[in-house]
2 protein chains.
Amino acid sequence: MKHDKTPKSITLWDVAKAAGVSRTTVSNAFNRPDQLSEELRDRVLTVAKEIGYLGPNPMARMLRTGRTGVIGLVFSESLQYAFNDPVAIAFLQGVSRVCEQAKASLMLIPTHLNDAAPTAIQQAAVDGFIIYSMPDNSEAVAQVLARKLPVVAVDQPSLKGVPSVYIDDRLAARKAAAHLISLNHKQLAIIAMDFLSDSYVGPVDIQRLKYATFQIPLQRLKGYKDAIQEASLDPSKIAIVECPPRNSEDDGFEVALSLLQQHPRPTGILAMCDVLAISAIRAAARLNLAVPQDLSIVGFDDIPLASQIKPSLTTIQQPLIEKGVIAASILLGNPSRKMSKVLETKLMVRESSGPAF
Amino acid sequence: MKHDKTPKSITLWDVAKAAGVSRTTVSNAFNRPDQLSEELRDRVLTVAKEIGYLGPNPMARMLRTGRTGVIGLVFSESLQYAFNDPVAIAFLQGVSRVCEQAKASLMLIPTHLNDAAPTAIQQAAVDGFIIYSMPDNSEAVAQVLARKLPVVAVDQPSLKGVPSVYIDDRLAARKAAAHLISLNHKQLAIIAMDFLSDSYVGPVDIQRLKYATFQIPLQRLKGYKDAIQEASLDPSKIAIVECPPRNSEDDGFEVALSLLQQHPRPTGILAMCDVLAISAIRAAARLNLAVPQDLSIVGFDDIPLASQIKPSLTTIQQPLIEKGVIAASILLGNPSRKMSKVLETKLMVRESSGPAF
DNA sequence: CTGTTAGCGCATTCAT
DNA sequence: ATGAATGCGCTAACAG
C-alpha cells in the first residue's frame with residue numbers, strides 16, 4: 001500500500017504527456033516561443049495550466065543553465081545594522097535601481113561565521129557578489145573570493161584583482177578639516193566611526209589605531225591629520241573619540257556631549273559621518289551652544305537628512321546612490337568593463353559651520 | 001582539435017577520485033561530519049582544497065534537497081522606492097533580524113511585469129515569500145500565489161488562506177482624528193497617501209476613491225471619517241489631498257503649502273504617514289505658522305525621525321520593526337504557527353499637536 | 001563507517 | 001518544427 005509521499009510535483013514530463021508532445025516542445029513553449037508554432041505553443045501552455053504545472057522549476061533551471069539572475073550583496077556588519085545606516089540605504093537604493101532595470105534580483109546575505117556550518121555565502125545561488133565596505137582580512141571576503149564568481153568591491157580598493165568603486169576618503173576628509181581651519185578654528189575635535197568591530201566607544205589612542213581593520217575611518221583620519229599638519233596645528237591637542245554610528249542607543253549624542261564639556265571646549269568638530277555629526281548638533285542644542293556661532297560641525301557623506309535639518313549640515317558630499325548604481329552596473333554589465341572607479345567628492349558648505357570667534 | 005570549452009568545474013566526483021573514496025563520503029565530509037571519522041574527513045577536505053574544489057554547488061544542492069535557505073520579499077512599488085520609505089526600511093530591519101538569526105538569506109524581488117517574459121517572481125529560488133503591502137488585484141500577488149510556496153502577507157489581511165501581519169488601520173486613524181477633535185479642532189484637512197499607483201497628486205473625490213486599489217489609505221481615511229462623524233463635524237468641509245509619500249520631488253511640501261494657504265485655513269492636519277506629516281511641518285515653518293499654536297499636525301507610523309524633529313511629531317505608533325520580525329518568523333518558523341497576527345497601535349502625543357485657539 | 005544506486009527537473013545538443 | 005537522449009552536480013536511501 002502506497003502513501004502519497006511528497007506530493008510529487010508536476011514536471012515538464014507530465015505536461016508533455018498530457019499534451020501529447022515531447023518534453024523539448026514543452027520547454028520550448030516556455031522559453032523559446034520562436035521554436036514552435038503559435039498554435040502549438042498556446043495548446044501546450046493551456047494544457048500546462050490545466051494540469052496545474054507551475055512553470056519550469058527555478059532550481060533545476062539554474063542547475064542546467066548555470067545562471068540565476070541574482071546578485072548577492074554582502075555587508076560588513078549585520079544586515080540589521082545596514083538598515084539603520086542611511087549611507088548603506090542610499091547605496092542599496094542605487095543597487096536596486098540597476099537590478100530592477102536588469103530584472104535581476106538582489107540577495108542580501110548574512111555573514112554568520114560563528115560555527116563551522118556552511119555559511120550563507122557558500123550556499124548562495126548567485127551570479128556574482130558585491131561586497132560592501134568589509135574589513136580586508138574578513139573571513140567573509142575570503143569566502144566570497146573562494147566562490148570564484150564575479151565580484152565588485154565597494155569602498156574597498158585594496159583587494160587585488162577585484163574591481164571596486166570608492167572615493168578618496170583621505171582627500172575628502174582633508175577638505176573637511178581644511179574648511180574648518182580656514183574658518184580660523186584651532187580647537188578641533190574628531191568624532192570617529194568605529195575602527196574595529198568591537199563596539200568600543202571612547203577615546204582613541206595610537207595603540208587602537210594599530211589594530212584598526214576598517215580602512216575608511218583610518219583614511220578619513222589621515223585626511224584630517226593631513227590638513228592639521230599642513231596648518232601647523234598641534235595634532236596631540238586634538239581629541240579623537242570613537243563611536244560606532246549605527247548603535248541604536250544614542251551613543252553618538254553622549255560622546256558629543258562629553259566632548260563639548262571638556263576644557264578648553266572645541267570650537268570645531270569633525271565628524272566622520274553625518275549620523276555622528278547630527279548627534280553632535282543635538283548635543284550642542286542640549287548644551288545651549290549655538291551652531292555655528294559657538295560651535296562649527298562638519299560631517300561626511302551628505303545623507304539626505306543633512307540638508308534638511310536645522311541648522312543644515314556642512315559636509316562632504318559623496319555620490320552614495322551612484323556608488324550602488326555603478327557597482328551593480330559593473331557586475332551586471334559588459335564583462336569588458338570590469339574596472340575600478342573612483343568617484344568625486346565635494347565640500348558642501350551649509351549652516352553648521354562658520355568662522356571661529 | 002579540441003578547445004577548452006567551459007572550464008569544466010570540479011565536482012564531488014573529482015574529489016572522490018583524487019581522495020580514493022566514494023562521492024557519498026565526500027558529500028558527507030561536507031554536510032554530515034558525524035558520518036565519518038574525523039581523520040578521513042580532514043583528508044577529504046584537504047584533497048578537496050588541493051584540487052581546487054569550491055564546495056558543493058549551491059544550485060545542484062538546492063535541486064536535490066528542494067530547499068534554498070532564502071526567503072523572497074516582494075514589494076508593491078519598485079525596490080528603489082522602498083528604500084526611500086522609512087516605514088519599509090524599518091520593516092526590512094525586522095525581517096533581516098530574523099533572517100540573520102535563522103541564517104536565511106533575503107531576496108529582494110523586483111516586480112517587473114511589463115512584457116511576457118518570465119518574471120523574477122516566477123524564477124526566484126526561494127523557500128517562501130513575504131508580500132509587503134501590495135494591491136490585492138496585483139498580478140505580482142497572483143504570481144506569488146501561483147508558486148504554491150509558503151506566503152506571508154503584510155498589511156494585507158484580505159488574501160484568503162494567507163497568514164498576514166497587520167494593524168487595524170481604521171481604528172488607529174480614528175484615534176488620530178479623535179485626538180485632534182478632542183483638542184477642539186474643527187477645521188481639519190487630510191493629507192492622504194496614494195490610493196492608486198498612478199502618481200497622482202491633488203484633491204481626492206469620491207470617484208477616485210472608487211478606483212482605489214491600496215487598502216491602507218482607504219482604511220485610514222475611513223478611520224478619520226469615523227471620528228469626524230462621531231463628532232458630528234461636516235465631512236464635506238474637510239479637504240482631502242493625495243500625495244504619494246515616496247516621491248523624490250518634494251510633493252508633500254507643496255501639497256501642504258497649498259493646503260495651508262486655503263481659506264479658511266485648517267487648524268489641524270491629519271497626515272496618513274509621518275513622511276507627509278513632516279513635510280507639512282516644514283511647510284508650516286515656511287509660512288511662519290507656529291506648530292502647534294497655529295497648526296496641529298498628527299502623523300501615522302511613528303518612524304524614528306518623528307520623535308527627533310522639532311517640534312516632535314504627534315503620531316500613531318505602529319510596531320514597524322516587529323511587523324518584519326513576526327512576518328519572517330511566521331515564514332521561517334514552525335508551520336503549525338502559521339496564523340495571522342494583528343498588532344497594536346498607540347497614539348503618541350508629542351509637540352506637534354495642541355489645543356485649537 | 002563506507003559505497004552503490006537512483007533520481008531531483010530541466011535545457012540542450014543532434015537527429016528527424 | 002519536433003523528439004530522443006544526455007547530464008548539470010548533488011544528496012538520500014539503502015546495503016554492505
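This is a predicted model: local features need pLDDT of at least 70, side-chain atom pairs count only at pLDDT 80 or more; totals for chains, interfaces and linings use all residues.

Student: Which elements give two or more residues to the surface near DNA strand C?

Tutor: Helices (H or I, at least four residues) and strands (E, at least two) are DSSP runs, numbered from the N terminus. Both protein chains contribute here, and the elements are α2 and α4 of chain A together with α2 and α4 of chain B.

Student: Which element gives the largest share of the surface near DNA strand D?

Tutor: DNA strand D is surrounded by 25 residues, with Ser22(A), Leu36(A), Thr11(B), Leu12(B) and Ala60(B) the closest. Two or more residues come from each of α2 (23-31) and α4 (58-65) of chain A and α2 (23-31) and α4 (58-65) of chain B. The largest share, five residues, comes from α4(B).

Student: How many charged residues does the surface near DNA strand D have?

Tutor: Ala, Val, Leu, Ile, Met, Phe, Trp, Tyr, Cys and Pro count as nonpolar, Asp, Glu, Lys and Arg as charged, and the others, Gly among them, as polar. The surface near DNA strand D has eight nonpolar and 12 polar residues, and its charged residues number five.

Student: Which element of chain B supplies the largest share of the side that touches chain A?

Tutor: Two residues are in contact if their C-beta atoms, placed from the backbone, lie within 7 Å. The contact draws 38 residues from chain A and 37 residues from chain B. Those of chain B divide into 21 nonpolar, 11 polar and five charged. The largest share on that side, seven residues, belongs to α6(B).

Student: Which residue of β2(B) stands opposite Met107(A)?

Tutor: Two strands pair if DSSP finds at least two bridges between them. Strand β2 (residues 105-109) of chain A pairs with β2(B) in the antiparallel sense over three bridges. Opposite Met107(A) stands Met107(B).

Student: Which strands are the edge strands of the open sheet in chain A?

Tutor: Five strands form this open sheet, in the order β7-β8-β6-β9-β10, and the pairing is mixed. Within chain A, strand β6 (residues 188-192) and strand β8 (residues 239-242) pair in the parallel sense over four bridges, with Ala189(A) opposite Ala239(A). An edge strand pairs on one side only, and the two are β7 (202-203) and β10 (296-298).

Student: What is the bridge partner of Ile131(A) in β4(A)?

Tutor: Strand β3 (residues 128-132) of chain A and β4(A) pair in the parallel sense over four bridges. From β4(A), Val151(A) and Ala153(A) point one way and Val152(A) and Val154(A) the other way, and all are buried. A residue is buried if 20 or more other C-beta atoms lie within 10 Å of its own, exposed if 12 or fewer, and partly exposed in between, with C-beta atoms placed from the backbone. The partner of Ile131(A) is Ala153(A).

Student: Why does Asp155(A) count as buried, and what is its phi?

Tutor: Asp155(A) lies in the loop between β4 and β5 (164-167) of chain A. Asp155(A) is buried because 23 other C-beta atoms lie within 10 Å. Although Asp155(A) is not a glycine, its phi is positive, at about 55°.

Student: Is Asp302(B) buried or exposed?

Tutor: Asp302(B) is placed in the loop between β10 and β11 (315-317) of chain B, and its phi is positive, about 60°, although it is not a glycine. Because Asp302(B) has 24 C-beta neighbours inside 10 Å, it counts as buried.

Student: Which residue is joined to Pro292(A) by a cis peptide bond?

Tutor: Pro292(A) lies in the loop between α13 (274-286) and β10 of chain A. The omega of the cis bond is about 10°, and the residue joined to Pro292(A) is Val291(A).

Technical notes. Residues are numbered from 1 along each chain as its sequence is written. Chains are lettered from A and ligands numbered from 1 in the order in which they are written. A residue is near a molecule or strand if its C-beta atom, placed from the backbone, lies within 6 Å of it.
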